[in-house]
Amino acid sequence: IARDTNIKAALKEQGLEENTLVIFAGDNGLAVGQHGLLGKQNLYEHSIRVPMIMRGPGVPPNSSNQSFVYLSDIAPTLYAYLDIPPPPSVEAKSLLPLIEQKQQAVRQSTYNVYGHWSRSLKTADGYKLLLYNVRGVLTTQLFYLKNDPWETKNLANDKKYNNRIRKMRIQLKAEMQAAFDNLDIDKPDWGRQPGQRAYGS
């Protein structure tokens, strides 16, 4: 199979096309100038979203699902697909209910981390809260991705969104605690100590 660059043709040649699940996923991308950034060291959509494509027995052709998933969901998906009990260390979610179209989503939000200075939360209603804490200076951004997929209009300075930001901060903090993130967004400088290495740094 390694000699053939066409995976589908290689599987067919080996007689494996009808019983092989193929999962294609990619790395996160470079900003290439968006938001004034060059690399991928940020939590904007252009740098955190990645492709995930599946093909194989039981996967409906020409279908898509836009709900929240992580790349770490691949492992529990494979265990469920093969009907193998996952080890206790697996913490992500199986996407088999999405593949079988029994559910529309397996989670209602996503939590993202970069370094010891940025955290974000996206919710199913289309909002994204993005927090930066650089050298003790906190920056809050709120985007409504359904109308602003390029994240160009920061709603955080509009007072009518104060309550939404408050609720999303509470939810973000809960996500951080569940992930054993050792920062606390309610403390000055997020509770970082001099020389402390934070989760994700």
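Trainee: Before we look at this predicted model, which relative accessible area counts as exposed?

Mentor: Anything over 50% counts as exposed, and under 20% is buried.

Trainee: OK, then is Arg135 buried or exposed?

Mentor: Arg135 is exposed, because its relative accessibility is 83%.

Trainee: And where is Arg135 found?

Mentor: Look in the loop between strand 5 and strand 6 (137-144). Check its backbone too: phi of Arg135 is near 55°, a positive value in a residue other than glycine.

Trainee: What about Phe180, what's its phi?

Mentor: Phe180 has a positive phi of about 60°, although it is not a glycine. You'll find Phe180 in the segment after helix 5.

Trainee: Is Phe180 buried or exposed?

Mentor: With a relative accessible area of 70%, Phe180 is over the 50% cut-off, so it counts as exposed.

Trainee: Switching to the inside: how many residues are in the largest nonpolar core?

Mentor: That core has 16 residues, and Leu142 and Leu172 have the most contacts inside it. Strand 5 (127-134) and helix 5 (162-178) are the elements that give two or more residues to this core.

Trainee: Which one gives the most?

Mentor: Helix 5 does, with 4 residues.

Trainee: Back to Leu172, what is it in contact with?

Mentor: Leaving aside neighbours within four places in sequence, Leu172 is in contact with Tyr111, Arg119, Ser120, Leu121, Leu129, Leu131 and Ile185.

Technical notes. Residues numbered from 1 in each chain as written. Predicted model: local features only at pLDDT ≥ 70, side-chain atom pairs only at ≥ 80, totals over all residues. Heavy atoms only, no water. Core = buried A, V, L, I, M, F, W, Y, C linked by side-chain atoms within 4.5 Å. Buried < 20%, exposed > 50% of the residue type's maximum accessible area, 1.4 Å probe, protein only. Contact = heavy atoms within 4.5 Å.
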